[in-house]
Amino acid sequence: MQKLDDYYRILQVHYLAETEVIEGAYRKLAKKYHPDLNRSASAEEMIKKINRAYEELGDPAKRKLYDQKWHNRYNSSAVSHQAEPKHKPQAQAKPEPAYLAAWVVLEAYFKYIMDDQLDLAYELTSNADKHNNSKEDFFRWQKAVAKVFRPKEVVCSLHKAYKYKMLNGYIFAEAIEFSVHVLEYNTIMDTMEKDYFSKIVVLEEGKWKILIGHENVRTLIDRFNSLVELMQANCLIQEMEAAQSKIDALTGLLSKKGMLEKIKEESYRFTRYGRIFSLMTLEVSTEPELNDLAMKAAGKILSAGLRRIDTICRWDNKVFLILLPETTGAQIIRAAHSKYRKLKDCVVEYHGKSYPIFLKIGAVEYTHSLEESFKRIKYVRLSWD
């Protein structure tokens, strides 16, 4: 059997997603894995998968044909290749006729939830559940669950039938327990998972109804929302830590780590497209105890005089590094004099006294590697004019 790529998983969208959502997801991923921005070993293969996925899902006609194959795949995997559940269901595709109506109601209940038709799903719940849980709480519960688990396929099989069964303090003349096998997407772990649980359908006033089985779903709502909030907080902290490590705390400019990423991007463009760029070092010196003040003052002046495409960082304790794209070796000499003129009158005020800042500027046009380029840095003979 030919392997079917899961294009919905590749684009990280729900299989019921609208065309606009699919297009937005494609644009986001295409940018993330574009060769100019991502040079990991897997990026090239990933961008091919993303393009293939969008080619299929972005075209309504192709998507319709693909969906038929996609549904067949997961129907097969959910039924034929699942692990052994706690209660093994009968092999029948549908329950016997006496219980077929209950099976149809249960299938409809899950379909409404998957289609986000929660009002219709709520109407299929028992009167006992409606007494314990309002429609608003039911909606909040299902939306909280959907933030973590998104069902893709649901298969229901008859497990056991009961007569005059007491459930949650109510006696039902008939109740049917179904084994439910779910293939769902875990949004937090970014994985497809299989889950197995039981669901009971009860006969109430001559109609089959779903028994939710929770006296108060608010506890479940809080639990799922807390899980999502915790994961979001952890992601935010990780993003902030990653961002802060690229920023120099003293000057607010890029740190050495942040600049190395920028240089890596430019070196890739240099290798692939031949786009030249140059590097400029600016070593600041003043009274030792005033070094931090001098770096802050000089950094502010230097960053204000850059082109939009230029990047500056604090390279080490006393040195700034400026990355100048589309700049030749000859042009960087002129740029060095310009930077010098901006800083020649800069002083550090300390305890009522003014202390001059001295500057030593080096420049080089990038070739082949950063290490080799640094070896060729030449210090610029500066003038006041």
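This report describes the helices, sheets and selected residues of one predicted protein model.

## Basis and overall make-up

The model is predicted, and local features need pLDDT of at least 70, side-chain atom pairs count only at pLDDT 80 or more, and totals for chains, interfaces and linings use all residues. Residues are numbered from 1 along each chain as its sequence is written, and side-chain values use heavy atoms, with hydrogens and water left out.

The protein chain holds 13 helices and 11 strands, where helices (H or I, at least four residues) and strands (E, at least two) are DSSP runs numbered from the N terminus. Of the 385 residues in the protein chain, 41% are buried; buried means under 20% relative accessible area, exposed means over 50%, and partly exposed lies in between, with a 1.4 Å probe and protein chains only. Among contacts in the protein chain between residues at least 6 apart in sequence, 64% join residues at least 24 apart, a contact being heavy atoms within 4.5 Å.

## The helix pair H2 and H3

Helix H2 (residues 19-32) and helix H3 (residues 43-57) have axes that come within 10 Å and cross at roughly 165°, the axes being lines fitted to C-alpha atoms, for helices over the stretch in contact, with angles from 0 to 180 degrees between N-to-C directions. That angle makes H2 roughly antiparallel to H3, since angles under 35 degrees count as roughly parallel, over 145 as roughly antiparallel, 65 to 115 as roughly perpendicular and the rest as oblique. H2 passes H3 in a left-handed crossing; a crossing is left-handed if the near helix is turned anticlockwise from the far one by less than a right angle, and right-handed if clockwise.

On the H2 side the contact is made by Ile22, Glu23, Tyr26, Leu29 and Ala30, and on the H3 side by Ile47, Ile50, Asn51, Tyr54 and Leu57. By class, the contact of H2 with H3 has 8 nonpolar, 1 polar and 1 charged residues, where Ala, Val, Leu, Ile, Met, Phe, Trp, Tyr, Cys and Pro count as nonpolar, Asp, Glu, Lys and Arg as charged, and the others, Gly among them, as polar.

## The four-stranded sheet

An open sheet of 4 strands runs in the order E1-E2-E3-E4 with antiparallel pairing, two strands being paired if DSSP finds at least two bridges between them. Strand E1 (149-167) and strand E4 (207-211) stand at the edges, each with a single partner strand, so one side of each is left without a neighbour in the sheet. From one strand to the next, the twist averages 25°.

Within this sheet, strand E2 (residues 170-186) and strand E3 (residues 191-204) pair in the antiparallel sense over 12 bridges, and Ala175 has Val202 in E3 as its bridge partner. In the loop between E3 and E4 lies Glu205, whose phi is near 55°, a positive value in a residue other than glycine; at 72% relative accessibility, Glu205 counts as exposed.

Another open sheet has 5 strands in the order E6-E7-E5-E10-E11, and its pairing is antiparallel. Its edges are strand E6 (311-314) and strand E11 (378-379), each with a single partner strand, so one side of each is left without a neighbour in the sheet. E6 pairs with strand E7 (residues 319-325) in the antiparallel sense over 4 bridges, and Phe320 in E7 is the bridge partner of Arg314. Helix H10 (residues 256-273) packs on this sheet, touching strand E5 (277-285), E6 and E7, and its direction makes about 25° with that of E7.

Leu260 has its place in helix H10 and is partly exposed, with a relative accessible area of 37%. Leaving aside its neighbours within four places in sequence, Leu260 is in contact with Trp315 and Leu370.

H11 passes H12 in a right-handed crossing. The contact is made by Ala298, Ile301 and Leu302 of H11 together with Lys339, Lys342 and Leu343 of H12, which divide into 4 nonpolar, no polar and 2 charged residues.

Strand E8 (residues 347-350) and strand E9 (residues 353-356) pair in the antiparallel sense over 4 bridges, with Val347 bridged to Pro356 in E9. Their hairpin has 2 residues between the strands, and His351 there takes a positive phi near 55°.
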